[in-house]
Amino acid sequence: MNVGAVGDLRRIKNAIGVARKVLEHTTHTLLAGEAATKFAESMGFVNEDLSTNVSQALHSDWLARNCQPNYWKNVIPDSSKYCGPYKPPAILKRDGVTYENTAHSYSHDTIGMIVIHKMGNIAAGDSPIPGSGAYADDMVGAAAATGDGDILMRFVPSYQAVEYMRRGENPTTACEKVISRIQKYFPNFFGAVICANVTGSYGAACNKLSTFTQFHFMVYNPLKSEPTEEKVDCI
């Protein structure tokens, strides 16, 4: 029940290290943007240019493709064809809640982790939004979510998965119930959830799409020499 997080951290390479310092040395839960960078510098982290030849080439290619994909909607100019700057039209169309997949939008993400210490303490890590990216409770277990964060964070999926386990659901069922809740509103969302309880049992679930039918995750037991890859069919 303790959190340290940073979001939109700029020019600092070791984000998880800075997040740890937020947990250890402040009463804050989340620091973002330049405030996070200044805090990191005060903790001894190096402010540096994180651009590489590869990242610069990727950015140039993105610009050459008229800034596709991007996540704007209901703006002028047409965000599916042109780069910004964008402005909203005088009257926005209100056709109810819709969601469209953006091509090539699944090429990057955070890395979600759940760790159970031999003494029973549980930690989880992912994006900096507590309860959405990750959530942990030593009395129950933990969960982490991955995929379209803009959709996932509206349902606080990691928190909800832990609450399902608190009620007695096994980790797999807890993950499946979370995915099913989101499917009711966004049937075509891209996402998955992993869950583990205090006994060490674990499970996962994902939303089935034409381009995403199976979710792979790694399991490491310190009593074994190598981590093993697990996979689950999406629902």
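Analyst: A residue is buried under 20% relative accessible area, exposed over 50% and partly exposed in between, with a 1.4 Å probe on protein chains only. The model is predicted: local features need pLDDT of at least 70, side-chain atom pairs count only at pLDDT 80 or more, and totals for chains, interfaces and linings use all residues. Residues are numbered from 1 along each chain as its sequence is written, and side-chain values use heavy atoms, with hydrogens and water left out.

User: How many disulfides does a search of the whole structure find?
Analyst: A disulfide is a covalent bond between the sulfur atoms of two cysteines. Here the criterion is a pair of cysteine sulfur atoms within 2.5 Å. With bonded cysteines counted along the chain, the pattern is 1-2, 3-4, 5-6. The search of the whole structure gives a count of three.

User: Cys 67 and Cys 83 form a disulfide; how many residues apart in sequence are the parts that the pair ties together?
Analyst: Helices (H or I, at least four residues) and strands (E, at least two) are DSSP runs, numbered from the N terminus. The sulfur atoms of Cys 67 and Cys 83 are 1.8 Å apart, and the link is right-handed, with 95° about the S-S bond. Because Cys 67 and Cys 83 both lie in the loop between α3 (53-64) and β3 (113-116), the separation of the tied parts in residues is 16.

User: Is Cys 83 buried or partly exposed?
Analyst: Its partner in the disulfide is Cys 67, which has a relative accessible area of 5% and is buried. Cys 83 has 27% relative accessibility, so the class of Cys 83 is partly exposed.

User: Which strand holds Cys 195?
Analyst: Cys 195 is joined to Cys 175 by a disulfide, S to S 2.3 Å, and both cysteines are buried. The torsion about their S-S bond is about 135°, so this disulfide is right-handed. Cys 175 belongs to helix α6 (residues 171-183), so the pair ties together parts 20 residues apart in sequence, Cys 195 being in strand β7 (residues 191-197).

User: Is the disulfide of Cys 206 and Cys 234 left-handed or right-handed?
Analyst: The sulfur atoms of Cys 206 and Cys 234 are 2.0 Å apart. Cys 206 is buried at 0% relative accessibility, and Cys 234 is buried at 10%. The torsion about the S-S bond of Cys 206 and Cys 234 is about -105°, so the disulfide is left-handed.

User: Within what arc do the buried residues of α2 fall?
Analyst: An α-helix has 3.6 residues a turn, so residues three or four places apart point the same way. In helix α2 (residues 33-42), the buried residues are Gly 33, Ala 36, Thr 37, Phe 39 and Ala 40. These residues line one face of the helix, because, seen down the axis of α2, they fall within an arc of 165°. The arc, taken over the directions from the helix axis to the C-beta atoms, is 165°.

User: Which residues are exposed on the other side of α2?
Analyst: The cover over the buried residues of α2 includes β1 (5-7), α1 (15-25) and β2 (30-32), where contact means heavy atoms within 4.5 Å. On the other side of the helix, the exposed residues are Lys 38 and Ser 42.

User: How far apart are the ring centres of Phe 190 and Phe 212?
Analyst: Rings of Phe, Tyr and Trp (its six-membered ring) pair if their centres lie within 6.5 Å, with planes under 30 degrees apart stacked, over 60 edge-to-face and the rest tilted. Phe 190 is buried at 12% relative accessibility, and Phe 212 is buried with a relative accessible area of 14%. The planes of Phe 190 and Phe 212 stand at 80°, so the pair is edge-to-face, and the distance between the ring centres is 4.8 Å.

User: What volume does the second largest pocket have?
Analyst: On a 1 Å grid over the protein atoms alone, a cavity is a set of points where a 1.4 Å probe fits but cannot get out, and a pocket is an open set with protein on both sides within 12 Å along at least five of seven lines; lining residues have an atom within 4 Å of a point. The second largest pocket is lined by 38 residues, of which Ile 114, Ile 194, Met 218, Val 219 and Tyr 220 lie nearest its centre. At least two lining residues come from each of β3, β6 (141-147), β7, β8 and β9. With grid points joined across faces, edges and corners, and volume taken as the space filled by probe spheres set on the points, the value is about 1,100 Å³.
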